[in-house]
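Hello,

Here is the structure I promised to pass on to you. Have a look at it first, and my notes on its aromatic rings follow below.

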Amino acid sequence: MKKFLSIALALLMVCVMLPTIALADLAEGETCVAKIGETKYETLDKAIQAAANAETPTTISLENGVTVYLTSGTAHENNNSRNVKIVGNGTQTVDVIQNAVNAEGGMLSYQRGSKFAFENVTVKAGEGNFDGIVCSALTFNNCTITGKLTLYGAATFTGCTFNNTMDNQYSIWTWGGTTVTFTNCTFNTNGKAILLYGQATAKNPTNLVVNNCTFNDRQNGAAGKAAIEIGNDYNATYHLTAKNNTVNGFAPGKNTGSTLWGNKNNMSEENLTLTVEEKPTQIVIITPTEETPKTDDQKNPTTGANDV
């Protein structure tokens, strides 16, 4: 009988302790904004630090209606690198810029060596030319993305909506992007959507794939840009694949006459390879032209290059 009572008492103690274990990362008075399994965390940064850097990402579930912040350095290099998937239900916002650092001409969130996936959340990006997350790979599924996001590695966007209300800024700069893919996305802009531009080399080109996307320009071409603008001041090498896209309101691109894409620096076939299917079908004729010099306030703040 004593042995039975001892076992029962031990089981009771385990049951009593379970809620304490699940709440181990919360101090008194702290509010849960994120969970890994049943373990609760007060900040997104703490949840990321508790995750593993494994082949399979650790899922971080966000609480209803919260706004959370990604702090530069949280998952940066070596043993700090992580592989995480941040999941919401459409009511949450992840601000990736507010806790970034001012460096290299923009607000950067340094997370080198890490992979981040975002699902069913609003991602609040920046406003400056180089604002973004410096990491190995980004994945966005069914997200709403506001502001401007510059890429610094591989990136995949599926079923995302880009809501850009800025007067003179793109939604995406590829800049340091390697393979960048957009599928079934919608861009709501004032005339600037994607800029394919950066220091990609022939050995390490930027591969941009844009399929089944819709581009909307509220200003009906007033910005003078096509939906996908291609620029090159660095003898860069790009590959563009674009199929079954819908373009509303954008201006004909320079050197192409296409509202889908513009070749504003008149890149040659040696540096720019294309697989582009227009809707409706257009005949694209590329002719040489002189690039209009940019004013000082339009140039790259760190290199002086004509990148706008």
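**Aromatic rings**

Let me start with two phenylalanines, F215 and F250, which are both buried. Please keep in mind that this is a predicted model.

In total, 17 aromatic pairs turn up. One of them joins Y197 and Y234 in a tilted arrangement, with 5.8 Å from centre to centre and 50° between the planes. Y197 belongs to strand β20 (residues 194-198), while Y234 sits in the loop between β23 (228-230) and β24 (238-243), so this pair ties together parts that are 37 residues apart in sequence. How exposed or buried are the two tyrosines? Y197 counts as buried because its relative accessibility is 1%, under the cut-off of 20%. Y234 has a relative accessible area of 23% and is therefore partly exposed.

Back to F215 and F250: they pair edge-to-face, with 6.4 Å between the centres and 90° between the planes. F215 is found in strand β22 (residues 214-217) and F250 in the loop between β25 (246-248) and β26 (261-263), so here the pair ties together parts that are 35 residues apart in sequence.

These two phenylalanines also belong to one aromatic cluster, made up of F116, F118, F140, F157, F162, F182, F187, F215 and F250.

One more thing to look for is a charge over a ring: the charged end of K148 sits over the ring of W173, 4.0 Å from the ring's centre.

Enjoy exploring it!

Best wishes

Conventions:
Residues are numbered from 1 along each chain as its sequence is written. This is a predicted model: local features need pLDDT of at least 70, side-chain atom pairs count only at pLDDT 80 or more; totals for chains, interfaces and linings use all residues. Side-chain values use heavy atoms; hydrogens and water are left out. Rings of Phe, Tyr and Trp (its six-membered ring) pair if their centres lie within 6.5 Å; planes under 30 degrees apart count as stacked, over 60 as edge-to-face and the rest as tilted. Helices (H or I, at least four residues) and strands (E, at least two) are DSSP runs, numbered from the N terminus. Buried means under 20% relative accessible area, exposed over 50%, partly exposed in between (1.4 Å probe, protein chains only). A charge sits over a ring if NZ of Lys or CZ of Arg is within 6 Å of the ring centre and within 35 degrees of the ring normal.
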